[in-house]
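Hi,

Here is the structure I said I'd pass on.

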Amino acid sequence: MTNRFENTMNMELKLISSANLQLFFEKLLQSGKIMIAPVLKPNGKVYFQPVKAYSDVATDYIQTVFSAKSVVFPKVETLFAFTKKDGKITLTNSLDNIPETVIWGLRPCDASAFDYLSDFFLRENPDSYFKTRKDRTTLVTFSCSHSDEACFCTSVGLNPGSTIGSDLQMTVMNKEVYVEILTEKGKQASAIATSLFSETETKDKAPFLANPVTRFSMDAIKDKMKQAYDSAEWKHLSLGCFSCGACAFSCPTCSCFDIQDEGTQDNGKRLRCWDACGFGLFTKHSSGHNPKPTQVERRRQRLMHKFHYSVENLGRISCVGCGRCIRICPAHLNIFENILSVTKD
Ligand code: SF4
Ligand code: SF4
């Protein structure tokens, strides 16, 4: 049980010089696409944001603080708005003006998370909001040459050069960049700057990839996660949690949302807003009853969802090992240490 097979069926392989990455980026920008890329902020941390100049793009980073999932699943999204005038109701939705967007500088774990989100939002009753945004988004991923102590992609079936979910994947090999063009969207993006690319044979990416520590084996913990619900460890390991929700809001795969209506009888809108299983109100019923009344149940929900319920429902775990929740948690809760605690013999 891994996240997915690598998509190499109709892959095209190219090379581009490191110096020409800037030109490629600028060609994409000139084509009218919104470019979202990692940017280094004065606090020393890196965030995805719209970028207008290549000089603003960070290249030396391990991971951004927040994922780029808000491009396809906004934090707050107006599903529709209405106005009522002279007895006539007019509806508008937010899908008409979604721009073509390129997310540049994703890490392989993040691209895999987009693949997971597609499974989640499109599997049964396809979510047209997600689908429209995703169809207009091209993912340009950069393989990881460095990792830190929070990275654990190799524990969840991925690796620093995984191509799952990417449209176009770059692996920097000294002064040249190995380019795997994986989808039609990847082909269209590279076609914008054909002259910058040259043909190549398959190259070995391994010497240029990071080597994160493998913290556990999914095969080894798979059956133990089924039994973990009753573990006495949940109480101990959730004690420090502040219910801040930062772990879920930074996570590239967390997909819980709430629907809220705002307005009056004459005009209003329906909003979809991110929710987080760490919040005290997450499962609170209007009766006042809450089936998950403390952090013990909520932390258990978070980990059981990612490592067991997702497997039952979608056939894949919903953690890509990006380590964001570990880096951001003010209580220093560590998801892979928690998984090891609740699955130990
Ligand atoms: S980031 Fe840490 S403290 Fe905040 S909800 Fe998540 S586990 Fe709790
Ligand atoms: S649970 Fe943590 S490590 Fe896993 S994908 Fe989410 S933020 Fe990344």
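F82 has L91 as its bridge partner, and L91 sits in strand 5. Keep in mind that this is a predicted model. Strand 5 pairs with strand 4 (residues 76-85) in the antiparallel sense, over 6 bridges. Both belong to an open sheet of 4 strands, ordered 5-4-12-11 and paired antiparallel. At its edges stand strand 5 (88-93) and strand 11 (257-263); each has a single partner strand, so one side of each is left without a neighbour in the sheet. From one strand to the next, the twist averages 15 degrees.

Next, the largest pocket. It holds about 370 Å³ of space. Its lining comes to 23 residues, with T59, R107, F142, S145 and V172 lying nearest the centre. Two elements give two or more residues to that lining: strand 6 (101-106) and strand 8 (168-173). Strand 8 has the largest share, with 3 residues. Sorted by class, the lining has 14 nonpolar, 7 polar and 2 charged residues.

Then there's helix 2. Is this helix mostly covered or mostly open? Mostly covered: 11 of its 15 residues are buried. Among the buried ones are P108, C109, F114, Y116, L117 and F121.

Cheers

Technical notes. Residues are numbered from 1 along each chain as its sequence is written. Chains are lettered from A and ligands numbered from 1 in the order in which they are written. This is a predicted model: local features need pLDDT of at least 70, side-chain atom pairs count only at pLDDT 80 or more; totals for chains, interfaces and linings use all residues. Side-chain values use heavy atoms; hydrogens and water are left out. Buried means under 20% relative accessible area, exposed over 50%, partly exposed in between (1.4 Å probe, protein chains only). On a 1 Å grid over the protein atoms alone, a cavity is a set of points where a 1.4 Å probe fits but cannot get out, and a pocket is an open set with protein on both sides within 12 Å along at least five of seven lines; lining residues have an atom within 4 Å of a point. Grid points are joined across faces, edges and corners, and a volume is the space filled by probe spheres set on the points. Ala, Val, Leu, Ile, Met, Phe, Trp, Tyr, Cys and Pro count as nonpolar, Asp, Glu, Lys and Arg as charged, and the others, Gly among them, as polar. Two strands pair if DSSP finds at least two bridges between them. Axes are lines fitted to C-alpha atoms, for helices over the stretch in contact, and angles run from 0 to 180 degrees between N-to-C directions.
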